[in-house]
Amino acid sequence: MAAEPEMVALAGVAAGGMLGVLLGLVAGRRAARRHTAPGPAIHEPEIGERLEMALEATGAAVWDADLVAGTCWWSDTFPRILGYRIRPPMPPDFWEKRLHADDRERVLAHIASHLAGETTSYAYSYRLRHEGGGWVWIAAKGRAFRDETGRAVRYAGIMTDITEARRQEERLRASEERLLKIMEAAPIAVNVTTRDGRWLFCNAQSVRLMGRGRSELMRTPVADLYADPVDRDALIARFDREGPFRNAEIRFRRPDGSVVWVLSSWNSIELDGEAALLTWLYDITDRKAAESAMVQAREEAEQALADLREAQESLIQAETMASLGQLVAGVAHEINTPIGIGLTAASHIGEQAQILRDRFTGNTLRRSEFLEFLDGLSESSRLLMANIDRAASLVQSFKQVAVDQSSGDRRVFELGSYIRELLFSLRPRLKRTNLKVAVECDDELTMDSFPGALGQVLTNLVINAVVHAYGDGDRTGDRPAGTIRITAQPDGTERVRLDFIDDGAGIAPEHLSKVFDPFFTTKRGQGGSGLGLHIVFNTVTGPLGGTVSVQSWPGQGTRFTILLPREAPAIQPMPAEEPALT
């Protein structure tokens, strides 16, 4: 047995390098003392102390088993690993009895396999029961030594307490599992890819987003998933230029050809020692579809609005022409009377002249008859001239108003006389009512503007008052049903103020803010179009370049106030403000 220390030292080398050498030397010296006489141990205490320090520092223990003698030596650190403060009795089965039941079969089979010569060394981990309860995880490495026949006669090794390391591994594994579960359940796709487009990781949302199985997705080059592969090159260039970025809108294409819109955010990561790209993808396909639908709806609404405006313009034009048509019909009726009287007078003159001729030819004409004929001729001529003048005046007034309203030409005109001409042309409509219209305006007040547009405004205000303020001018005996006053006066040097005042029914407060709105009328189904005052507002704020406001007192009347520039703007502006309501 003289060579036994060296053999155990070799076992230590196999077990743990320099620490194994120290363990082998100590174990060998202790074995040698069993066969030699006691003597001075000059170096053993120093070696033992170093060994104990090394074992304590590393949380390790060593063993040396004599398979022939059936004995086993353990370092003092082994029982301390198991929670003993004092070394307990350690029979040969001390280790085996403390082996965890779940590890027993595996570990013993591993040792048996090595002792049978099936392996050159062994390394395994297992659990041993702690003296205070619970279990200690052990990592063991060792080797068997054989005789000339190859039979295992001895084996030695080193054990390390890895309980804390196993706990750390378990916590790390649990943390990784939790993180993986979180990423798998996340509504955002999380991907790790290499710069050249290889997949390293993807979560379940990526699989759903891309419409592919996980294995298929991991085999597909990343660039092939983009609706336009150039987009990925642009993203990489942006990442190189700016570093991490967020919320780039990108399209991916699924195998069925459908397009998926995502917000893509990029960062860098190192996975298993390899530099990679970490990307998050948030599905915004529904949002983009909604945006597209909104754009389409807006375009349809704009088209509908354009169609509505075109229809509105047509209705306004029709309303304007209808007003002109009413004017024509009224003036035509008014002209019929003087023309009829003139025609009767001319016819009478013709009949009397024929009678005078016949009597003159037959020499039966008396002086008295001739004088009577001259008197009748003079009266008929007077009637004829008076009614022709009246008809001419009506025609001239109608012609000027009609030309102004149809042509829209700009000219200089006297405001007072124009208002009176306009009211004269409206006499046929006003004659059916008991309304009195009074005009207060300086005859020298002139304007450089659009008389046709102003005439349209005043015509609509008159008709609106007749229909709404006075119930179509209902007669009450010989007294006027009401009075309309139109006043015009300078408002500074640059503007003219027109007030259109009636003493009719007034406007209800809840309707006052709507009177200028298109198609708003309280006479729906009774001939009201709802465009009269809307035309007033558009005309005043448009070609005339002014403003219009309304005040009303229910049961007492209404006042429309129009402020106009004496010189209309050269370019007709669009309405820029809502009517002022007071």
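Q: Which residues does Ser552 touch, not counting residues up to four places away in sequence?
A: In this predicted model, Ser552 touches Gly506, Ile507, Leu512, Gly557 and Thr558. Ser552 itself is found in strand β16, residues 547-553.

Q: What makes Ser552 buried?
A: Its relative accessible area is 14%. Buried means under 20%. Ser552 therefore counts as buried.

Q: How far apart are Ser552 and Ile507 in sequence and in space?
A: They are 45 residues apart in sequence. In space they are 5.8 Å apart, C-alpha to C-alpha.

Q: Which backbone atoms lie by a polar atom of the side chain of Ser552, and at what distances?
A: The backbone nitrogen of Ile507 lies 2.7 Å from a polar atom of that side chain. The backbone oxygen of Gly557 lies 3.4 Å from a polar atom of the Ser552 side chain. The cut-off for a polar contact is 3.5 Å.

Q: Why is Thr279 called buried?
A: Thr279 has a relative accessible area of 8%. The limit for buried is under 20%, so Thr279 is buried. The residue lies in strand β10, residues 274-283.

Q: Which residues does Thr279 touch, leaving out those up to four places away in sequence?
A: Thr279 touches Ala189, Val190, Asn191, Ser265 and Trp266.

Q: Why is the pair of Phe239 and Trp266 called tilted?
A: The structure holds 14 aromatic pairs. In the pair of Phe239 and Trp266, the centres are 6.2 Å apart and the angle between the planes is 50°. Rings pair if their centres lie within 6.5 Å. Stacked needs planes under 30 degrees apart, edge-to-face over 60, and the rest count as tilted. The pair is therefore tilted.

Q: Why does the pair of Phe239 and Trp266 tie together parts that are apart in sequence?
A: Phe239 lies in helix α9, residues 230-242, and Trp266 in strand β9, residues 259-271. The pair therefore ties together parts that are 27 residues apart in sequence.

Q: Are Phe239 and Trp266 buried or exposed?
A: Phe239 has 13% relative accessibility and counts as buried. Trp266 has a relative accessible area of 3% and is buried.

Q: What makes the pair of Phe516 and Phe537 tilted?
A: The angle between the planes is 40°, with 5.7 Å centre to centre. Stacked is under 30 degrees and edge-to-face over 60. The pair is therefore tilted. Phe516 is in the loop between α15 (509-512) and α16 (532-541), and Phe537 is in helix α16, 21 residues apart. At 4% relative accessibility, Phe516 counts as buried. At 7%, Phe537 counts as buried.

Q: Which residues do ring pairs link into a cluster?
A: The cluster is made of Trp63, Trp95, Tyr122, Tyr124, Tyr126 and Tyr155.

Q: How do you know that Glu131 and Arg98 meet in a salt bridge?
A: Their side chains are 3.0 Å apart, N to O. The cut-off is 4 Å, so the pair is a salt bridge. The structure holds 27 salt bridges.

Q: Are Glu131 and Arg98 buried, partly exposed or exposed?
A: Glu131 has 42% relative accessibility and counts as partly exposed. Arg98 has 8% and counts as buried.

Q: What makes the pair of Glu242 and Arg241 a salt bridge?
A: The closest N and O atoms are 3.8 Å apart. The limit is within 4 Å, so the pair counts. Glu242 is partly exposed, with a relative accessible area of 45%. Arg241 counts as exposed at 58% relative accessibility, because exposed means over 50%.

Q: Where do Glu291 and Lys288 lie?
A: Both lie in helix α10, residues 285-361. They are three residues apart, about one turn of the helix. Glu249, Arg287, Lys288 and Glu291 are linked in a network of salt bridges.

Q: How do you know that the charged end of Lys288 sits over the ring of Trp261?
A: The charged end lies 4.4 Å from the ring centre. The distance cut-off is 6 Å, and the charge must also be within 35 degrees of the ring normal. The charged end of Arg238 sits over the ring of Phe245, 4.3 Å from its centre.

Q: How many disulfides does a search of the whole structure find?
A: The search finds zero. Cys202, at 3% relative accessibility, counts as buried. Cys441 counts as buried at 12%.

Note on methods: Residues are numbered from 1 along each chain as its sequence is written. This is a predicted model: local features need pLDDT of at least 70, side-chain atom pairs count only at pLDDT 80 or more; totals for chains, interfaces and linings use all residues. Side-chain values use heavy atoms; hydrogens and water are left out. A disulfide is a pair of cysteine sulfur atoms within 2.5 Å. Buried means under 20% relative accessible area, exposed over 50%, partly exposed in between (1.4 Å probe, protein chains only). Rings of Phe, Tyr and Trp (its six-membered ring) pair if their centres lie within 6.5 Å; planes under 30 degrees apart count as stacked, over 60 as edge-to-face and the rest as tilted. Helices (H or I, at least four residues) and strands (E, at least two) are DSSP runs, numbered from the N terminus. Contact means heavy atoms within 4.5 Å. A polar contact is a pair of N or O atoms within 3.5 Å; within protein, one must be able to donate a hydrogen and the other to accept it, and residues adjacent in sequence count only if both atoms are side-chain atoms.
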